[in-house]
Amino acid sequence: MREEEKRSSQDKSKNSFFKKRWVYPTVYIASAAIILTGVLWYQNSGTENMDQSEYKATDMPGKKMNDQPAVEVNRSMENFVMPVVNEDDAVIQMQFYDNDGDAAEQEAALVFYDNTYHPNTGLDIASKDGKEFDVIASLSGTVTNVMEDAVLGNVIEIEHDKGIVTQYQSVKDYEVKVGDQVEQGQVIAKSGTSLINEKAGNHVHFEIRKDNVPVNPHEYFNKPLSALQDANVTEEKASSETDAGKSEEAAEEDAEGTTPAEDKPAEGGSDKKDEDKDAGEDKDKDSSTDSDTSSNS
């Protein structure tokens, strides 16, 4: 009897305990704390294991991704350089034909070949001692043409941007082929000679072109590729085409100047004057004949 009363009182105490409002929230909070503690412990133990293993992530500060050198994608900041190893040993044999230059400079930039004067569309560069020398790439790019040409003295063409190329004429002993990627300053050939400009001797004819229009290399040496990308060369193209292929007599006429239009007699003008003079004489003769007839009558 006493045991039943004791058990009954315990059940009542237990029920009254759980009927209190703070009991269940406290149990929930304690359970959540235990679970969270277990999760944090598991994560920390996993991190320690990862640090001990070999980690191959490529985005860790200070970690070397590989031993290969980085490749420069944008070369617009490279400056054009003269296509020789040592500029101090180089001399310009013939300058670029500048449409805006004075008469003396233009005359000095004319190439005489096959009885015809041609404007020089680049720079003819030689060494001071007249010996052959290494020809280097003025700018990094892709070799798009390697051509044997007796007149021009062989040609190498390197593309640097869409429509922008450098040409190296009068070269020999090529060290590149079509499709090669060349770096600025890399030796691509040796200087040579050409039929079109035999007076230049051993040299390299260097051109910079945009959309197949030659520009003055002197204006772009030590300037970045972006300077030529922004340049407008449309008018320069038209002028170059007009001046190309002048005969010797035409070049001399340009140097001496042409006769003003007002000083030139009109075509057939002298014949017209003679006809008018003859007509006047015939008219006077007819008048004289009429007067004689009337007097005789």
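## Salt bridges

Arg 209 and Glu 207 are both buried, where buried means under 20% relative accessible area, exposed means over 50%, and partly exposed lies in between (1.4 Å probe, protein chains only). Their side chains meet in a salt bridge with an N to O distance of 2.7 Å; a salt bridge is a side-chain nitrogen of Lys or Arg within 4 Å of a carboxyl oxygen of Asp or Glu. The model is predicted, so local features need pLDDT of at least 70 and side-chain atom pairs count only at pLDDT 80 or more, while totals for chains, interfaces and linings use all residues. Residues are numbered from 1 along each chain as its sequence is written, and side-chain values use heavy atoms, with hydrogens and water left out.

Four salt bridges are found in a search of the whole structure. One of them joins the side chains of Asp 134 and Lys 190 at 2.6 Å, N to O. This pair links distant parts of the chain, since Asp 134 belongs to strand β5 and Lys 190 to strand β11, 56 residues apart. Asp 134 counts as partly exposed at 26% relative accessibility, and Lys 190 counts as partly exposed at 25%. A further salt bridge forms between Asp 180 and Lys 177, with the closest N and O atoms 3.2 Å apart. Lys 177 counts as exposed, at 54% relative accessibility.

## The sheet containing β5, β11 and β9

Three strands form an open sheet in the order β5-β11-β9, with antiparallel pairing. Strands β5 (134-136) and β9 (171-172) stand at the edges with a single partner strand each, so one side of each has no neighbour in the sheet. Strands and helices are DSSP runs numbered from the N terminus (helices H or I, at least four residues; strands E, at least two), and two strands pair if DSSP finds at least two bridges between them.

Strand β11 (residues 187-191) pairs with β9 in the antiparallel sense over two bridges. Within this pairing, Val 171 has Ser 191 in β11 as its bridge partner.

## Strand β6 and its partners

Strand β6 (residues 141-147) and strand β7 (residues 155-161) run antiparallel and are joined by five bridges. Strand β6 also pairs with strand β10 (residues 181-182), in the antiparallel sense over two bridges. Thr 142 stands opposite Glu 159 in β7 and opposite Gln 181 in β10.

## Surface patches

A nonpolar patch on the surface is formed by Tyr 24, Val 27 and Tyr 28, which together have about 340 Å² of accessible area. Accessible areas come from the Shrake-Rupley method with a 1.4 Å probe, and for residues only the protein chains shown count as cover. Patches are made of residues with over 30% relative accessible area and no salt bridge; like charges are joined within 9 Å and nonpolar side chains (Val, Leu, Ile, Met, Phe, Trp, Tyr) within 5 Å. Tyr 28 lies in helix α2 (residues 23-52) and counts as exposed at 58% relative accessibility.

A patch of negative charge on the surface gathers Glu 87, Asp 88, Asp 89 and Asp 129. Glu 87 is located in the loop between α2 and β1 (90-94) and is partly exposed, with a relative accessible area of 44%.

## A contact across the sequence

Gly 201 is placed in the loop between β11 and β12 (204-210) and counts as partly exposed at 24% relative accessibility. Gly 201 and Gln 93 are 108 residues apart in sequence, with a C-alpha to C-alpha separation of 9.0 Å in space.

How values were computed. Lys, Arg positive; Asp, Glu negative; His and termini not counted. Charge placed at Lys NZ, Arg CZ, Asp CG, Glu CD.
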